[in-house]
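Me: I would like a close look at one part of this model. Please focus on charged side chains and their pairing.

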Amino acid sequence: MKRLLALITLTISSTQLFGAKPNFVFIFADDMGWTGTSVEMIPGDSRTKSDYYHTPNLEKLASMGMRFSASYAPAAMCTPSRAAVLTGKTPAEIHITSPESGLGSPAHKMRPPRQLQEFPESETSIAEALKPAGYASAYFGKWHLGEGNPGQHGFDVHDGSTSNDTPANSGPDNPKDIFGINERGIAFMRENVEANRPFYLQLFHYAVHGPTATKAESETHFGELSKGERHKDSAFAGMTWDLDVSIGSVMAELERLNIADNTYVIFMSDNGGPSNPRFGPLNNAPLNMGKTTLYEGGIRVPFIVKGPGISANSHSRESVTGCDLFPTFCEWAGVKVAHKIEGKSLASLLTSKSQSIDREGVPLLFHFPHYFYGPNAVPSTAIIAGNLKLIKFWESNSYKLFNLDEDLGEKNDLAETHPEKLKELVAVMNNRLRSVNAQLPIVNPDYDPNAPLPERPGSRWRGQGTRPGGGRPGGPGIAN
């Protein structure tokens, strides 16, 4: 299977020596912001949880495992993040950096590169990596990686080539297919427990992506509660609650099957929360901006892991990314990754054997050489090196520099006051882009400031927006 024997070899792990291989349940939310739950992502800091949404099962998961306060999605939008968590590679290296083709238009100052429209079969997915170790694998929910499907990438059971579209089997009692995804996942767990096979299960939810859908009773419940200063939407609160209920059902089933002690449960979001007018400017506060941007609100996300050897109610401030999941799963399963990837295993961090990850001086990379909906979704690149974050804006060839330890909201740009550090990090960013053969935007020779901004055809897209510099209405649509 696609060079797997050449890429992956098995090693003996502690699980093989002293017990059964662990199981994995990876729950991926869609568009859930860092403060989109009732879990304090920084313990003791009430700003880092919602002031309205309620997620008691995620609170329980955090109390039983480790939460990460500086966890990052690999990208600020769904498609590149999904490709990255499946492979352990940064989207810049895979050449999937946007949900669209990214070709731009005469209305844009830069010409984005032509990125891949299909998840390459040449890439090794986590399901393929685990297969030689005897793992059954399933992918239920949102794919959104082209016309192919998870079965072409090693998954034994899956929902097919799904996209942003709300599944047909959704309805009043199954909004966003939240509970349908759950039922299929639980059936898969039962089947493999009965067969005595270790399993890898992905529950990649459509929630809490728009359009909002929730059980009527859930919306009614939150409609009767006091609204928060940041979060006020009762329907969105209900959808968040429904997703949390489904997570509780999975955790209860693990207990019923008597495999909870040997199963890792991983919860993460594919990108930050939206920052559109419906939700208001404080939706992602105290973080800056939101989805589609490389500011913290677009890429910092909730991340919680429970499983064997992980201390209850533990917390890490280490900067981690969704790319780190691939090598972590492989280490836990006793599989050695013999090909180069972006991610680093979190296993020793999660068991508190270490307090940091040795990235060998290589900073985290976030690359978006495209345009998208809204005035802030413009070609940009960011790196995070220690406590410092550098963002490049390709249209103006300008930079912003932030100290995230001191300035979580990215309000104090240090680029002018720290020119030597800026110069150093610019060189580091350029080296990172070269090292992964990143596709770069170029100056658009056909740029016309009076050209109309493009609209994406089709019922799934809305063309309401503004020119990146503020200008006339119309703009690249955002997927529903």
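Are Arg82 and Asp270 buried or exposed?

Reply: Arg82 is buried, and Asp270 is buried too. Buried means under 20% relative accessible area, exposed over 50%, and partly exposed in between, with a 1.4 Å probe and protein chains only.

First, the ground rules. This is a predicted model, where local features need pLDDT of at least 70, side-chain atom pairs count only at pLDDT 80 or more, and totals for chains, interfaces and linings use all residues. Residues are numbered from 1 along each chain as its sequence is written, and side-chain values use heavy atoms, with hydrogens and water left out.

Now the pair itself. Arg82 and Asp270 form a salt bridge through their side chains, at 3.0 Å from N to O. Arg82 sits in helix α4 (residues 78-87) and Asp270 in the loop between β9 (263-269) and α10 (296-299), so the contact ties together parts 188 residues apart in sequence. Helices (H or I, at least four residues) and strands (E, at least two) are DSSP runs, numbered from the N terminus. A salt bridge here is a side-chain nitrogen of Lys or Arg within 4 Å of a carboxyl oxygen of Asp or Glu.

The pair belongs to a network of salt bridges that links Asp30, Arg82, Lys142 and Asp270. By this rule the count comes to 22 salt bridges.

Two others are worth a look. Arg300 and Glu296 meet at 2.7 Å, N to O, in a salt bridge. Arg300 is buried at 6% relative accessibility, and Glu296 is buried at 0%. Asp177 bridges to Arg184, with the closest N and O atoms 2.7 Å apart. Asp177 is buried at 2%, whereas Arg184 is partly exposed at 24%.
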